Amino acid sequence: MKKIIFPGVLGLAINKEGKYLLTRRHEPGNSRIHKKWQLPGGGLEFGESVEQVLAREMEEELGLSVRIIYPYPIVRTHVYDHKEKKVCRNFIP
């Protein structure tokens with residue numbers, strides 16, 4: 001079976017008052033994630049840097065222009081096999 005990789009970027013948005021800004025999932029067909037809080041972010045499009053993805057997604061999801069103040073990544077990988085419902089998770093600080 002051919003494997004497809006979908007890279008994504010998430011960021012923690014903090015406003016001037018020091019409050020965290022989160023998004024809430026809306027996927028009624030998937031009770032596991034429906035109405036769950038999450039960090040804003042999205043998929044990497046061809047030719048984009050991770051900073052560009054984050055700025056675009058913050059604009060789309062929160063309606064904000066952002067300034068990235070901590071650009072150092074925390075890398076997590078999630079491998080999902082949707083047919084067998086297997087998940088592999090790794091964390092790299």
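Residues are numbered from 1 along each chain as its sequence is written, and side-chain values use heavy atoms, with hydrogens and water left out. Local features need pLDDT of at least 70 and side-chain atom pairs count only at pLDDT 80 or more, while totals for chains, interfaces and linings use all residues.

The mean pLDDT (the predictor's confidence in each residue, from 0 to 100) is 79 for the protein, with 73% of residues at 70 or more. Strand S5 (residues 37-38) has the highest confidence, at 92, and strand S8 (residues 86-92) the lowest, at a mean of 48. Strands (E, at least two residues) and helices (H or I, at least four) are DSSP runs, numbered from the N terminus. The pLDDT is below 50 over residues 87-93, a stretch with 16 contacts in the model beyond near neighbours in sequence; contact means heavy atoms within 4.5 Å. Where pLDDT is low, the predicted coordinates should not be read in detail.

The largest nonpolar core consists of 5 residues: Val 9, Ala 13, Val 53, Leu 54 and Met 58. Helix H1 gives the most to this core, with 3 residues. Such a core is a set of buried (under 20% relative accessible area, 1.4 Å probe, protein chains only) Ala, Val, Leu, Ile, Met, Phe, Trp, Tyr and Cys residues joined through side-chain atoms within 4.5 Å. Outside four places in sequence, Val 53 contacts Val 9, Gly 42, Gly 43, Leu 44 and Glu 48.

Ile 68 lies in the loop between helix H1 (50-62) and strand S7 (75-81). Ile 68 counts as partly exposed because its relative accessibility is 33%, between the buried limit and the exposed one (over 50%). Not counting residues up to four places away in sequence, Ile 68 touches Glu 51 and Leu 54.
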